[in-house]
Number of protein chains: 2
Amino acid sequence: MPAPARTSIDAIVRAAADLLEADGPAGLSMQAVGARVGVRAPSLYKHVSGRGALVRLVAEDAARDLGERLDASAPFGTPPKEALGAAARALRSFAHERPAAFRLVLSPAAEEDRLDPETARRSSAAVVRIAAELAGPEHALEAARTLTAWASGFVAMELAGAFRMGGDVDAAFEFGVERIADALAG
Amino acid sequence: MPAPARTSIDAIVRAAADLLEADGPAGLSMQAVGARVGVRAPSLYKHVSGRGALVRLVAEDAARDLGERLDASAPFGTPPKEALGAAARALRSFAHERPAAFRLVLSPAAEEDRLDPETARRSSAAVVRIAAELAGPEHALEAARTLTAWASGFVAMELAGAFRMGGDVDAAFEFGVERIADALAG
DNA sequence: ACCTGAACACCGTTCAAGT
DNA sequence: ACCTGAACACCGTTCAAGT
């Protein structure tokens, strides 16, 4: 007798992402995910091969979300320096809204749980385009790396609570955007 | 009857750091640490209050190591732009030698496992000093943040395998150092 | 074809009992 | 005063049995 699925991979990934955001990595347990979608933990294995694969799906989903936000942050034709600021702020907003997802996507990860190259490429396409406009096509890659490194490093430190020596964090971010843009435009 | 301790907190922290580097966070189990230092897992609780506290001790030890390397990278009197490059390269070397420890110290961490402010301040003192020389005392904090964000972000991406679009990663690093230095001196 | 309870091998942690 | 085995409450995962 065939039995219709009582849940779906989409519902499972969404539940996992919610749990990750609410309770941290330890809160993303197979039992908790099962409870959220209305099945027992062993049933999840009909939809996903294990916890590691589920975490990876959450990361890929987050990377797609981030990539779309970066694309949308600066329409074609926006002056490059302005576009750079907009992209940096979009990254920061994403990190503030979905800090756990940001950590998943941008944290230095061990080999086995890296994003596949195509997902990584797509989520950074907008930044490479902006960098090319600013620094010239021959320095596009280095410039994109410099910008992404700075922005993700800044936000990572912010999330880590590393900016507790006082001072205005927003101002430090804008200071950095300005300086990075000028440096890349060289 | 008193019984002499068969292990020590130092040996335990060292064993934990080794395991973290060799087998990743999951490999740092109380049982594995116990096996390395020659006692059973429950005995570790005579020396450390739990696994979380042990991970924190490893992180503090790594932060101290990193701080010392940064201090040593550029003796007083080194021209600031040169000192900045030396500090950035020292950070990168540390990350290459102790990638797991680097992730522990520089990764965006949840509130409960952050370094205490004093440890954080000491490990970044050298960078703040260099930034002040380069950007002037009134912009020291923002400049230090920009530099640290860029360098740690760059290395984090490097460790995460995010630089797989080809190109020379060493050259990208030097490109970034140069541009950041100019931008901060700006 | 999916879901379940039971089971297995792991964790971290507690604690009474040993020396 | 430290160390131990046993126990407890959790994991992730497998699998035979149910529908």
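**View 1. Chain A has two domains.** Chain A of this predicted model is divided into domain 1 (1–48) and domain 2 (59–185), with bounds taken from an automatic or database domain assignment. Taken over C-alpha atoms, the centres of domain 1 and domain 2 of chain A are 30 Å apart. Residues are numbered from 1 along each chain as its sequence is written, and chains are lettered from A in the order in which they are written. Local features need pLDDT of at least 70, and side-chain atom pairs count only at pLDDT 80 or more, while side-chain values use heavy atoms, leaving out hydrogens and water.

**View 2. Here we meet DNA strand C.** Around DNA strand C there are 20 residues, and Arg6(A), Arg40(A), Ser43(A), Tyr45(B) and Arg51(B) come nearest; a residue is near a strand if one of its heavy atoms lies within 4 Å of it. The nearby surface divides into 11 nonpolar, six polar and three charged residues.

**View 3. Phosphate oxygens of DNA strand C make polar contacts.** These are pairs of N or O atoms within 3.5 Å. A polar side-chain atom of Tyr45(B) lies 2.6 Å from a phosphate oxygen, and a polar backbone atom of Arg6(A) lies 2.7 Å from a phosphate oxygen.

**View 4. Now look at the second largest pocket.** Its lining includes Ile9(A), Asp10(A), Glu60(A) and Arg98(A). By class, the lining has four nonpolar, no polar and eight charged residues. Domain 1 and domain 2 of chain A each give at least three residues to this lining.

Terms used
A polar contact is a pair of N or O atoms within 3.5 Å; within protein, one must be able to donate a hydrogen and the other to accept it, and residues adjacent in sequence count only if both atoms are side-chain atoms. Ala, Val, Leu, Ile, Met, Phe, Trp, Tyr, Cys and Pro count as nonpolar, Asp, Glu, Lys and Arg as charged, and the others, Gly among them, as polar. On a 1 Å grid over the protein atoms alone, a cavity is a set of points where a 1.4 Å probe fits but cannot get out, and a pocket is an open set with protein on both sides within 12 Å along at least five of seven lines; lining residues have an atom within 4 Å of a point.
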